[in-house]
Amino acid sequence: MAEEKKTNKIIETVGDIVTIVILVFAVIFTALTLTSAKSENGLPNVGGYSLFSVQSDSMEPVFYTGDLLLIKEYQGEELKKDDIISFRTIEQGQYIINTHRIVEVHELEGIKTYTTRGDNTPANDQTDVVESEIVGVYARADEREGDKDKGTRVKGLGKVIDFVKGSGETGDKWSITLNEGTPDARKLNLSFLFFIIIPLALIFLFQIYKFIRALNDTKKEKTKAELLESGELSEELKKKAIEEYLAKQAKEAESDDDPDEVEDD
């Protein structure tokens, strides 16, 4: 009985820990999704900072494909050569966000434009960036320590975010297109199903299991209390003790009847 209680306690403890982890992750995911939907850039924005998943190797070794960058929102402040900025651009007919280094600053009639280039690419970007296209700043040139840019990144975490959100190359691998080739075509994110919906359903089932166990334990305690009050508990214990004694005697009798131990007169 004690061993069973210990096992149940371990199961409940592990279940509670898993439940907390999943709920925290679900809250974070929901917050990122909602802030992304509200942002005109499609990036989650919290307190003036956005999270951005790197999709190419154009800025290696500053950061790598799959890294998660923390970008400070651009609000019109002065930008300089060697600042690393994130900006909207069009590639293959789609709006994307690039994060490259400023290599030249131009100003004509009070309008500034910026020539950018990835550290890992041989040529400048094809078109200059105007201020209205700038999303945020990853690192400032005047904050560099030697040849190292002082930006905030988390290695590899961008792939996890892409997986959950169904975005980027990682997200595309876990998505299917419904009604492909029609005006009603839309992408279904399977990672959301496997990573959020199913775990939350398992949490719900686990909570039902805990409720049923608690209900059964309550009924057992209530039954014991009723037996104690009626004086029947002691009789039950006596009966159980007699049954255990008779079973023990029967086992000993079987041992005594073993042929190897029988002696001839």
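Two strands are taken to pair if DSSP finds at least two bridges between them, and strands themselves (E, at least two residues), like helices (H or I, at least four), are DSSP runs numbered from the N terminus. The model shown is predicted, so that local features need pLDDT of at least 70 and side-chain atom pairs count only at pLDDT 80 or more, while totals for chains, interfaces and linings use all residues. Residues are numbered from 1 along each chain as its sequence is written, and side-chain values use heavy atoms, with hydrogens and water left out.

**View 1. The protein chain as a whole.** The protein chain holds 5 helices and 11 strands. Of its 265 residues, 26% count as buried, a term that stands for under 20% relative accessible area, with exposed meaning over 50% and partly exposed in between (1.4 Å probe, protein chains only). Among the contacts (heavy atoms within 4.5 Å) with a separation of 6 or more, 51% are between residues 24 or more positions apart.

**View 2. Strand β8 and its pairing partners.** Strand β3 (residues 68-73) pairs with β8 in the antiparallel sense over 2 bridges, and Glu73 stands opposite Gly136 of β8. Strand β4 (residues 84-91) also runs antiparallel to β8, to which 4 bridges join it; here Ile84 has Ala139 in β8 as its bridge partner.

**View 3. The largest nonpolar core.** A nonpolar core is a set of buried Ala, Val, Leu, Ile, Met, Phe, Trp, Tyr and Cys residues joined through side-chain atoms within 4.5 Å. The largest one comprises 12 residues, including Phe52, Val54, Phe63, Leu69, Ile71, Ile84 and Tyr138. Two or more residues come from each of β3 and β8, and β8 gives the most, with 3 residues. Apart from this core lies another of 9 residues, among them Leu79, Val129, Ile134 and Val137.

View 4. Ser53 lies in strand β2 (residues 49-53), and Ser53 counts as buried because its relative accessibility is 10%. The side chains of Ser53 and Gln55 are joined by a polar contact of 3.4 Å, where a polar contact is a pair of N or O atoms within 3.5 Å, one able to donate a hydrogen and the other to accept it within protein, and residues adjacent in sequence count only if both atoms are side-chain atoms. Beyond its neighbours within four places in sequence, Ser53 is in contact with Asp67, Leu68, Gly158, Lys159 and Asp162. Val54, with residues up to four places away in sequence not counted, touches Phe63, Tyr64, Thr65, Gly66, Asp67 and Leu69.
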